[in-house]
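Morning, everyone. Please bring up the structure on your screens, and we'll walk through it together.

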Amino acid sequence: MSLLLEVSGVPYTGFTTCGAKKSMENAAGTFSFCASGETPMNCPIKENSACRVLVDGEGVINGFVERVEPYDDANGYYLQIAGRDRTCDFVDSSVPVNIEYSAGGQLKRIAERVLAAQGITGVKVIDKVGVLAPFKAGEVLAGAIGETGFAFVERYCRKRQVLLTCDGSGNIVLTRASSTLIKTMLIREQDGANNNILHSHGMTDSSGRFRKISVWSQTNPSAEDTLTDVGINASASDTAIRNTRQLIVPAESAMNLMTAAQRAKWEVNIRRARATTYDCTVAGFKAQADGTIWKPN
């Protein structure tokens, strides 16, 4: 089982350390490879080169080399190479100042139009959510000056309670929390013969949770003052939190009562989920039961 860096179609091995990171809350995965030696190393890999990171031939990152970093100390010479998925341009680059969708439309189509406006090709938008209510003219958002493509589309995602992430091929994925369980049990028992967890860490943190979260929306989509002209509001409660913690969330644009209620409930649920984390390091890149690579969600 191996992690391989492929740059411009050429495979590279022999690294002393290597890693790739994917998350269902990040729209661009990251990678880092490090080589070491007793003498200075000439690096044939250049920044901005197209690359892939593969586990036993299966892609987990498809993007670009962004950093080449040679350094040395008393123990020898080192070379670190790092980069991100090709969705990094969508994450980093601003949308054109005149981008706006007066006709609304489906979330997937909006994301595709942002990519086209940014001049990004070869990146697909994969919808794993299914049927979503289309955005109406009154729900249209305008891109703020300097706003990135990710920030712009992610505001639309929040209106439909959707997460924006990427896959192993460097495509954008619209998703929600999965109900599918992995087939491999994670085991850490005292002197257990079947342990596959090397070490773990858990944490609960209620600082981002509130007893009551209210979503407020303006009544007139054309009103200039979206912070004071509000007429629609809905709320949801997290009964595990003390009464004195309350939060008001201004809607990004006009929404009806049902949509505001859904958004409030989503805010409560996602904050509850983020408040409890469990991290573990397992042996190997793949789940033992079916040989599939560990993947987000």
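Which residues does Q118 touch, not counting residues up to four places away in sequence? The list is D89, F90, S93, S94, V95 and G149. Bear in mind that this is a predicted model.

Let's stay with Q118. You'll find Q118 in helix α2, which covers residues 107–118. Is Q118 buried or exposed? Buried: its relative accessible area is 18%, and the cut-off for buried is under 20%. Now look at the side chain of Q118. One of its polar atoms lies 2.8 Å from the backbone oxygen of S93. S93 is also among the residues that Q118 touches.

Next, the helix pair. Two packed helices are described by the angle between their axes and the distance between the axes. Here the partners are α2 and helix α3, residues 149–159. Their angle is about 170°, and their axes are 10 Å apart. Angles over 145 degrees count as roughly antiparallel, so α2 is roughly antiparallel to α3.

Who meets whom? From α2 come L107, I110, A111, V114 and Q118. From α3 come G149, F152, V153, Y156 and C157. By class, the contact has 8 nonpolar residues, 2 polar ones and no charged ones.

Now α3 itself. Which residues of α3 are buried? They are G149, F152, V153, R155, Y156, C157 and K159.

Last topic: cysteines. A disulfide is a covalent bond between the sulfur atoms of two cysteines. How many disulfides are there? The count comes to 0, with a cut-off of 2.5 Å between the sulfurs. Take C34. The closest cysteine sulfur to its own is in C18, 10 Å away, and that is too far for a bond. C34 counts as buried, at 9% relative accessibility. Then C43. C43 is in no disulfide either, because its nearest cysteine sulfur, that of C34, is 11 Å away. C43 is buried too, with a relative accessible area of 17%.

That's the tour. Over to you.

Terms used: Residues are numbered from 1 along each chain as its sequence is written. This is a predicted model: local features need pLDDT of at least 70, side-chain atom pairs count only at pLDDT 80 or more; totals for chains, interfaces and linings use all residues. Side-chain values use heavy atoms; hydrogens and water are left out. Helices (H or I, at least four residues) and strands (E, at least two) are DSSP runs, numbered from the N terminus. Buried means under 20% relative accessible area, exposed over 50%, partly exposed in between (1.4 Å probe, protein chains only). A polar contact is a pair of N or O atoms within 3.5 Å; within protein, one must be able to donate a hydrogen and the other to accept it, and residues adjacent in sequence count only if both atoms are side-chain atoms. Contact means heavy atoms within 4.5 Å. Axes are lines fitted to C-alpha atoms, for helices over the stretch in contact, and angles run from 0 to 180 degrees between N-to-C directions. Angles under 35 degrees count as roughly parallel, over 145 as roughly antiparallel, 65 to 115 as roughly perpendicular and the rest as oblique. Ala, Val, Leu, Ile, Met, Phe, Trp, Tyr, Cys and Pro count as nonpolar, Asp, Glu, Lys and Arg as charged, and the others, Gly among them, as polar.
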